[in-house]
Amino acid sequence: MDEGVLAVVGGRVLTPFRQIPRGTVLIRGERIEAVGAADEVLVPPQATTVDAVGSVVVPGFVDIHVHGGAGADFMDASLEAIDTACAFHARGGTTALLATLRTAPLEDIIRALEVLREAAGRRRQGAAIAGVHIEGPYFAPAEAGAQPPGAIKDPDPGEWRRLLAFAGLVRRMSVAPELPRALELGRELVASGIVASIGHTAATFDDVVRAVEAGYSHVTHMYSSMSGLRRVRAFRIPGVIEATLLLDDLSTEMIADGCHLPPPLIRLIIKAKGVERLCVCTDAVRVAGFPPGEYTFAGRTVLVEDGVAKLPDRSVFAGSTATMDRCLQTLVTAAGVSLQEAVKMATINPARFMRLDGNRGSLAPGKRADLVLLDDALTVRLTVVGGEIVYDGRGGGAGAGPVPGGGPG
C-alpha cells in the first residue's frame with residue numbers, strides 16, 4: 001500500500017534550529033522525508049500540496065502539562081473525553097501532549113491510566129498522547145494550590161509501585177521532594193525511565209539539592225505553588241524558586257498564558273535560566289475554550305475570568321484556559337522573546353526534557369511529521385499530526401468548528 005505524500009511549500013520554515021526563508025517540508029506517510037529550500041527538495045507529482053506562502057512553518061507544539069479542555073478532563077477516564085481534549089488542543093497547534101492527572105484517590109488515577117493506555121495506541125483527529133504526567137498526590141499541603149487538599153498525602157511505596165506498573169505510559173511525575181520517602185520515590189522513578197519533577201512544594205534550597213542528587217531533573221510550573229525566600233530566626237533561607245533559577249541541572253516550565261506570569265517575571269526567568277533549560281506549557285483545565293462564567297463539574301466549581309481559571313473565592317488560579325499558540329504569542333508579543341527562541345520553548349525543549357526528542361520537537365528527516373502553520377499574528381492556520389491534517393483553519397476542514405461546551409452554570 002502506497003504511503004501518502006504531503007508537501008508543505010513556500011513558507012518560512014523554523015526547524016527551529018535554523019530558518020529557511022522559502023522552504024519545503026516533504027512528508028511521506030507519518031514521517032518527514034526532507035526539509036530544505038524550495039530548490040533543494042523535489043516534490044513528487046502525486047504529492048498533496050499545502051501552500052504555505054505567507055505562513056511560518058514550525059514543529060508541532062509539545063505540551064508536557066495539560067489536564068484537558070473543551071469540557072473534557074483526562075481524569076474523566078473516558079475515550080470520548082480524551083478525544084475531545086486532544087482535538088481542542090490541536091486547534092492551538094499542539095501535536096503531542098502529556099495527559100496530566102491531578103491529585104485524586106489512587107483508584108481514580110489508576111482508572112484514568114488504564115483508559116489512557118488504551119487511547120495512546122489509537123490514531124485520533126487531534127494531538128497525539130505522548131505519555132502521561134501524574135501531578136500528585138504527594139504534595140506539600142501548604143502549596144496545594146488548586147489541587148484537592150483532601151487527597152494530598154505523603155509518598156507510600158505500596159501506592160507508587162502500582163503507578164510504576166504504567167512506566168511505559170507515564171513519562172513524568174510531580175512530587176514535593178521534602179516529604180518523607182520522596183527521595184526514594186525519585187530514585188525509583190528515574191530507574192523506571194520516568195522524569196522526576198519537583199512540584200507543589202515547600203522545600204528549601206538544600207532539599208532541592210538532595211532531590212537533584214536523587215534524580216529529580218525538572219520543576220513543575222515555575223513560580224506556581226512553590227517556596228521562595230523566607231526568614232527563619234532572622235536568617236534568609238532560599239527555596240525552590242531560587243534553586244530552580246540557580247541550578248543548571250534543573251529544567252523548568254512556564255505557564256505562559258499571560259496571567260500566571262507577568263512579562264517581567266518571564267524575562268527574569270529567561271535571563272536567569274537561559275532558553276535551553278526552559279519550556280512553556282498550558283496547564284489547561286477542562287474549562288479551556290469556555291467563555292467567562294462559573295462552571296461546576298463533578299462537584300468542583302471553577303470561575304473563568306480575566307483569561308484564566310480561578311477558584312470561586314478568587315484566592316488562587318485553578319489552571320489555565322490557554323492553548324499553546326497563546327503561550328507562543330505571550331512570549332513574543334508581551335515578553336519580547338524572538339520567534340525562534342519562543343518556538344524552541346514550545347517544541348524541541350519540552351520534547352527533550354521528557355525524552356521525546358528522538359521523534360518529536362523539530363522538523364528533520366526521519367522524525368514524526370508533526371507541524372503547524374502560523375500566520376503573522378501567530379494564530380494557527382493548519383495542524384498536521386503524523387502526516388495527517390487534523391485541523392485546517394484556513395476556511396474549514398478537519399477539526400474546525402465551535403468549541404464544545406455550554407454556557408455558564
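1. Let's begin with leucine 303. Leaving aside neighbours within four places in sequence, leucine 303 is in contact with Gly293, Glu294, Val308, Ala309, Lys310, Leu311 and Arg314. Please keep in mind that this is a predicted model. Leucine 303 sits in strand 19, and with a relative accessible area of 8% it is buried, because buried means under 20%. For a sense of span, leucine 303 and arginine 381 are separated by 78 residues in sequence and by 29 Å in space, C-alpha to C-alpha.

2. Strand 19 (300-305) also takes part in the largest pocket: together with strand 18 (293-297) and strand 21 (317-320), each of them supplies at least two residues of the lining. The largest share, 3 residues, comes from strand 21. The pocket has a volume of about 540 Å³. Its lining counts 30 residues, and those nearest the centre are Ala146, Val285, Arg300, Ala318 and Gly319. By class, the lining residues are 14 nonpolar, 9 polar and 7 charged.

3. How many cavities of 30 Å³ or more does the structure hold? There is 1, and the volume of the largest cavity is about 40 Å³. Its lining is made of Pro59, Gly60, Val62, Thr95, Asn359, Arg360, Gly361, Ser362, Lys367, Arg368 and Asp370. Sorted by class, that gives 2 nonpolar, 5 polar and 4 charged residues.

4. Now for the nonpolar interior. In soluble globular proteins, nonpolar side chains tend to be buried together. Here the largest nonpolar core has 91 residues, of which Phe74, Leu113 and Met254 touch the most other members. Helix 2 (residues 106-120) gives this core its largest share, 8 residues. Apart from this core lies another, of 18 residues, including Val25, Ala37, Val57 and Leu382.

5. Phenylalanine 74 deserves a look of its own. Not counting residues up to four places away in sequence, phenylalanine 74 touches Val66, His67, Gly68, Ile82, Ala85, Cys86, Leu97, Ala99, Thr100, Leu101, Ala112 and Leu116.

6. Alanine 256 is found in the loop between strand 16 (251-255) and helix 7 (263-273). Is alanine 256 buried or exposed? Its relative accessibility is 0%, so alanine 256 counts as buried. If residues up to four places away in sequence are set aside, alanine 256 touches Val280, Cys281, Arg326, Cys327, Thr330 and Leu331.

7. Just after helix 8 comes glycine 336, with a positive phi of about 75 degrees.

8. Last, helix 4 (residues 182-191). Its buried residues are Ala182, Leu185, Gly186 and Leu189. Viewed down the axis of helix 4, these buried residues fall within an arc of 100 degrees, so they line one face of the helix. What do the buried residues of helix 4 pack against? They pack against helix 3 (157-164), strand 11 (170-175) and strand 12 (195-198). Just after helix 4, glycine 193 adopts a positive phi of about 80 degrees.

Terms used:
Residues numbered from 1 in each chain as written. Predicted model: local features only at pLDDT ≥ 70, side-chain atom pairs only at ≥ 80, totals over all residues. Heavy atoms only, no water. Buried < 20%, exposed > 50% of the residue type's maximum accessible area, 1.4 Å probe, protein only. Helix = DSSP H or I, 4+ residues; strand = E, 2+ residues; numbered from the N terminus. Arc of directions from axis to C-beta. Contact = heavy atoms within 4.5 Å. Core = buried A, V, L, I, M, F, W, Y, C linked by side-chain atoms within 4.5 Å. 1 Å grid on protein atoms, 1.4 Å probe; cavity = no way out; pocket = protein on both sides within 12 Å on 5 of 7 lines; lining within 4 Å. Points joined across faces, edges and corners; volume = space filled by probe spheres on them. Nonpolar A, V, L, I, M, F, W, Y, C, P; charged D, E, K, R; others polar.
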